[in-house]
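Visitor: I am new to this one. Could you show me how to read its features?
Guide: Gladly. Let us look together.

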Amino acid sequence: MSKKPLIALAISIAVSPITFLPNAANAETVPATFAFQGSGYGHGVGMSQIGARAKALAGESATAILQYYYTGTIVETVTDTQILRINLGNLLTSAKLRSDSKGAELQLFAGDLGETQTATPLLTFPSKTSLNLNLTDGLLAISTTRGTTSKAITTGSAFTLRWSGTRYQAGSPTVISLTTNGATKKYRHGQISLKVIRDKTLGKRLAIINSVRLQDEYLWGIGEVPSSWPTQALEAQAIASRTYAYAKSTKIRSACDCHLYATISDQTFAGYSKESEPRFGEIWKAAVNRTAGSIITYEGRPITAYFSSSSGGTTETSEHAWGTATPYTVSVPDSASVDVALNPRFASWTREISQAVIAQAFALPDVISLTVLSNNPAGSVALIQAISSDGSFAVLRGETFRSRSKLPSAWFSLN
């Protein structure tokens, strides 16, 4: 799913200034949980993926689907061979890389090598050898483990890992496994940069960045919708994902030294696990290849192609979700999202959220009551207020509250 932008407002509506109510509020009981019911999943701005699937099942083309959800746009062709820097892991203190591919050869270089840059490797090693990364005294300490034998290699602030079977290095096709925070994901293409970056709050941390070509290496790994979906829905997703990445390809973000995050902060980049899915991986790759170069534009410029799983029956505008209007994200009917047959998990949902999560969302010591103050024209919550037992209160946008409390969508009511 695409990123929820951070909106800077002259008068912030995200969290209201805290004021105080009469002392009678102090006697209220602090509930352990709050109950919600609603529909839809995600921010609901732009293309509804459930809606796109329904339209594809009804025989609509990918272009028709996109032009329905992105008002006033056209689909045109551009060159999409840009190299994207994708942040696979951010603000880390440790990680592990290895390959178990037969005949693999991996090479470690000093520095953050550019696309065409060459250098003499610091280390060349085979498959079944783990490259261990640990942040130590503000530097990246690298060691290897093979079997029961571990060996310190070097320390520094930036390194590049390349492997066989890529455009950088000839040889056997190689799949790389990256383990961070106990989770392992697989990657096949490009090269990986290992860098120490500085975070304003945490100080020095490790970032892991995969440089891949937009046209295929990146899009083949986008894991936004099931590859078993109808062809036209897959093509619509491929074009929307290409457009989103293309629009982001002109600027490196200093916070991650990347163009895009591999998570729903931008859009989910699953890497090799997506394209290697039994049977269906090739179907997704074919949809990407058939739409090569196709992006969505509005008045000649690529749009920020927001999309999410589903809505509450009508899509949301970027203005009502985040405070900044875009002319192509007009609210449109999205009945498939509230059809249980088409959206069995999120056409209707209920949730209980703990006191701790709700209080943290509003930055209050606790919360004794919640009140929906207003709704947007699309039916989602516009403003929600929380009152604390000490008499203080805060107000959030519905979408901000949804994101912080981990509710499926901002189309909810209070039980």
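Visitor: At roughly what angle do the axes of helix α2 and helix α4 cross?
Guide: One thing before the angle: this is a predicted model. Now the general idea. Two packed helices are described by the angle between their axes and by the distance between those axes. Here, α2 covers residues 62-69 and α4 covers residues 231-248. Their axes cross at roughly 55 degrees and come within 8 Å. That makes α2 oblique to α4. The crossing of the two, α2 and α4, is right-handed.

Visitor: Which residues of α2 and α4 meet?
Guide: From α2, look for Ala-62, Ile-65 and Leu-66. From α4, they meet Gln-232, Glu-235, Ala-236, Ile-239 and Ala-240.

Visitor: On to sheets. In what order do the three strands of the open sheet lie?
Guide: The general idea first. Strands of a sheet pair through backbone hydrogen bonds, and the pairing is either parallel or antiparallel. In this open sheet the order is β20-β1-β24, with antiparallel pairing. β20 and β24 (412-414) stand at the edges. Each has a single partner strand, so one side of each lacks a neighbour in the sheet. From one strand to the next, the twist averages 30 degrees.

Visitor: How many bridges join β1 to β20?
Guide: Six bridges join them, and the two strands run antiparallel. β1 spans residues 33-38. Take Phe-36 as an example: its bridge partner in β20 is Arg-351.

Visitor: Which helix lies across β1 and β20?
Guide: That is α8, residues 355-362. Helix α8 runs at about 80 degrees to β20.

Visitor: Next, disulfides. Which residues does the disulfide join?
Guide: In general, a disulfide is a covalent bond between the sulfur atoms of two cysteines. This structure holds one. The disulfide joins Cys-256 to Cys-258, with 1.9 Å from S to S. The link of Cys-256 and Cys-258 is left-handed, with -75 degrees about the S-S bond.

Visitor: Are Cys-256 and Cys-258 buried or exposed?
Guide: Both Cys-256 and Cys-258 are buried.

Visitor: Last, a single residue. Where is Pro-333 found?
Guide: Find the loop between α7 (318-322) and β20 (349-354); Pro-333 is there. Pro-333 is exposed, because its relative accessible area is 58% and the cut-off is over 50%.

Visitor: What does Pro-333 touch, leaving out residues up to four places away in sequence?
Guide: Pro-333 touches Tyr-68, Gly-313 and Thr-314. Gly-313 is 20 residues from Pro-333 along the chain, with 6.2 Å between their C-alpha atoms.

Notes
Residues are numbered from 1 along each chain as its sequence is written. This is a predicted model: local features need pLDDT of at least 70, side-chain atom pairs count only at pLDDT 80 or more; totals for chains, interfaces and linings use all residues. Side-chain values use heavy atoms; hydrogens and water are left out. Helices (H or I, at least four residues) and strands (E, at least two) are DSSP runs, numbered from the N terminus. Buried means under 20% relative accessible area, exposed over 50%, partly exposed in between (1.4 Å probe, protein chains only). Contact means heavy atoms within 4.5 Å. A disulfide is a pair of cysteine sulfur atoms within 2.5 Å. Two strands pair if DSSP finds at least two bridges between them. Axes are lines fitted to C-alpha atoms, for helices over the stretch in contact, and angles run from 0 to 180 degrees between N-to-C directions. Angles under 35 degrees count as roughly parallel, over 145 as roughly antiparallel, 65 to 115 as roughly perpendicular and the rest as oblique. A crossing is left-handed if the near helix is turned anticlockwise from the far one by less than a right angle, and right-handed if clockwise.
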